[in-house]
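Q: Can we go through the backbone and burial details of this one? I'd like to start with one of the helices.

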Amino acid sequence: MSDIRHIKLQSSEPEIFTVDLDVAKMSLTIRTMLDDLGNFEGDDDAIPLPNVKGDILRRVIQWCTHHRDDQNRPDDDEVREKRTDDISQWDQDFLKDISQSVLFDMILAANYLDIKGLLDVTCKSVANMIKGKSPEEIRRTFNIKNDFTPAEEEQIRKENEWCEEK
């Protein structure tokens with residue numbers, strides 16, 4: 001018999017996923033739930049995750065399983081420059097062919113489950129989709145309706161011209 005303990009996670013559908021404990025604990029939300037429950041033996045009981053759909057939870061588990069042995073980087077957000085060009089090749093391939101709606105659902109799941117690494121890489125992917133685009137191109141990319149009048153839009157441009165690249 002294996003020493004690896006497993007727990008069950010239940011998506012909103014509800015679909016049950018059996019996951020290695022160390023993979024599930026990459027989520028600070030799940031880790032906190034388990035700590036609050038004490039010695040949780042997940043033989044029959046599944047931890048409900050009502051804010052995460054099954055297909056998204058499957059992807060989150062896949063990402064966490066791949067990254068389970070990554071070295072935890074110190075939380076040096078204040079000193080480290082925010083970069084969007086440091087996404088690993090595996091993560092690029094993992095996120096390459098997914099739709100925007102799946103990407104946004106993964107961001108919501110990573111935020112809800114408090115999985116910082118996944119939240120970072122998915123948000124960086126969105127940032128890369130925006131980088132270098134005009135407001136009009138961003139609206140087209142994300143199918144956003146422009147609800148500004150031409151006068152309001154001109155006022156915003158004037159107020160923010162300092163941040164435009166020349």
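A: A term first: buried means under 20% relative accessible area, and exposed means over 50%. Also, this is a predicted model.

Q: OK. Which exposed residues sit on the face of H2 turned away from its buried side?
A: That face carries Asp35 and Asp36, both exposed.

Q: And which residues of H2 are buried?
A: Thr29, Ile30 and Leu34, in a helix that runs over residues 28-37.

Q: Why are they on the same side of H2?
A: Because they cover an arc of only 130° around the axis. In general, an α-helix has 3.6 residues a turn, so residues three or four places apart point the same way.

Q: What covers the buried residues of H2?
A: The cover includes strand S1 (6-10), helix H1 (21-24), strand S3 (46-48) and helix H5 (100-113).

Q: What does phi do just after H2?
A: Gly38 takes a positive phi there, about 80°.

Q: Which residues other than glycine have a positive phi?
A: Asp114 is one of them, with phi near 55°. Asn143 is another, at about 55°.

Q: Where are they?
A: Asp114 lies in the loop between H5 and helix H6 (116-130). Asn143 is in the loop between helix H7 (135-142) and helix H8 (150-159).

Q: How exposed is Asp114, and how exposed is Asn143?
A: Asp114 has 36% relative accessibility, so it counts as partly exposed. Asn143 is exposed, with a relative accessible area of 73%.

Q: Changing topic: what is the peptide bond from Glu13 to Pro14 like?
A: It is cis, with omega near 0°. Pro14 is in the loop between S1 and strand S2 (16-20).

Conventions
Residues are numbered from 1 along each chain as its sequence is written. This is a predicted model: local features need pLDDT of at least 70, side-chain atom pairs count only at pLDDT 80 or more; totals for chains, interfaces and linings use all residues. Side-chain values use heavy atoms; hydrogens and water are left out. Buried means under 20% relative accessible area, exposed over 50%, partly exposed in between (1.4 Å probe, protein chains only). Helices (H or I, at least four residues) and strands (E, at least two) are DSSP runs, numbered from the N terminus. The arc is that of the directions from the helix axis to the C-beta atoms. Contact means heavy atoms within 4.5 Å.
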